[in-house]
Amino acid sequence: MTGTVVEVGCGNGLNFDHYPSTVERVLAVEPEPTLRRLAADAAVAAPVPLRVVPGRAERLPADDQSADAVVFCLVMCSLPEWAHALAEVRRVLRPGGVVRFLEHCVSDDPRLRLGHARR
């Protein structure tokens, strides 16, 4: 991952230590005030320049085509409007940008839920 990253729903900032030096800056978006304060504390020790800001996935506080990457980590389950959030990702992501995600949501498809339970 390189360039400018927008992390959606950064929580308390546990991911911050994992950004590689190729990342120039991170805009970490967190709507919940207590978690945002914890993330701001974690940002001080982050290995890359990082700014923690209030905001929601459905209306990211970033300019059009301003991000080289967008990160979702264990946040999709808390989003009431996935389609709006993904439209925002499209808006802020530069052409050729990447979306990285690690999620734990359960599929609406019962066959996939069954397959997951067997693993």
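Set aside neighbours within four places in sequence, and Ala-39 is in contact with Cys-10, Gly-11, Asn-12, Gly-13, Phe-16 and Val-52. This is a predicted model. Ala-39 sits in helix α1, which covers residues 33-43. Its relative accessible area is 0%, so Ala-39 counts as buried.

Now take helix α1 as a whole. Arg-36, Ala-39 and Ala-43 are buried there. They lie on the same side of α1, because they cover an arc of only 60° around the axis. The buried residues of α1 pack against β3. What does the face turned away from the buried side of α1 carry? That face has the exposed residues Arg-37 and Asp-41.

Next, the empty space. Rolling a probe the size of a water molecule over the atoms shows where such space is left. The largest pocket has a volume of about 300 Å³. Its lining consists of 22 residues, and Gly-9, Cys-10, Gly-11, Glu-30 and Val-75 lie nearest the centre. By class, the lining of the largest pocket divides into 11 nonpolar, six polar and five charged residues.

Charged side chains come next. Side chains of opposite charge can pair when their charged atoms come close. The count here is five salt bridges. One of them joins Asp-64 to Arg-91, with the closest N and O atoms 2.7 Å apart. This pair links distant parts of the chain: Asp-64 is in the loop between β3 (50-53) and β4 (67-73), while Arg-91 is in helix α2 (residues 82-92), 27 residues apart. How exposed are the partners? Asp-64 has a relative accessible area of 53%, so this residue is exposed. Arg-91, at 25%, counts as partly exposed.

Arg-91 has another partner. Its side chain meets that of Glu-88 in a salt bridge, at 2.8 Å from N to O. Both residues belong to helix α2; they are three residues apart, so about one helical turn separates them. Is Glu-88 buried or exposed? Glu-88 is buried, because its relative accessible area is 12%, and the limit for buried is under 20%. Together, Asp-64, Glu-88 and Arg-91 are linked in a network of salt bridges.

A further salt bridge pairs Arg-56 with Glu-58. Here the closest N and O atoms are 3.6 Å apart. Arg-56 is partly exposed, with a relative accessible area of 46%.

Finally, look at the backbone. Most residues other than glycine have a negative phi. Which value does Gln-65 take? Phi of Gln-65 is near 50°, a positive value in a residue other than glycine. Gln-65 is placed in the loop between β3 and β4, the loop that also holds Asp-64. At 46% relative accessibility, Gln-65 counts as partly exposed. Leu-74 also has a positive phi, near 55°. The place of Leu-74 is in the loop between β4 and α2. Leu-74 is partly exposed, with a relative accessible area of 47%.

Key
Residues numbered from 1 in each chain as written. Predicted model: local features only at pLDDT ≥ 70, side-chain atom pairs only at ≥ 80, totals over all residues. Heavy atoms only, no water. Helix = DSSP H or I, 4+ residues; strand = E, 2+ residues; numbered from the N terminus. Buried < 20%, exposed > 50% of the residue type's maximum accessible area, 1.4 Å probe, protein only. Contact = heavy atoms within 4.5 Å. 1 Å grid on protein atoms, 1.4 Å probe; cavity = no way out; pocket = protein on both sides within 12 Å on 5 of 7 lines; lining within 4 Å. Points joined across faces, edges and corners; volume = space filled by probe spheres on them. Nonpolar A, V, L, I, M, F, W, Y, C, P; charged D, E, K, R; others polar. Salt bridge = Lys/Arg side-chain N within 4 Å of Asp/Glu carboxyl O. Arc of directions from axis to C-beta.
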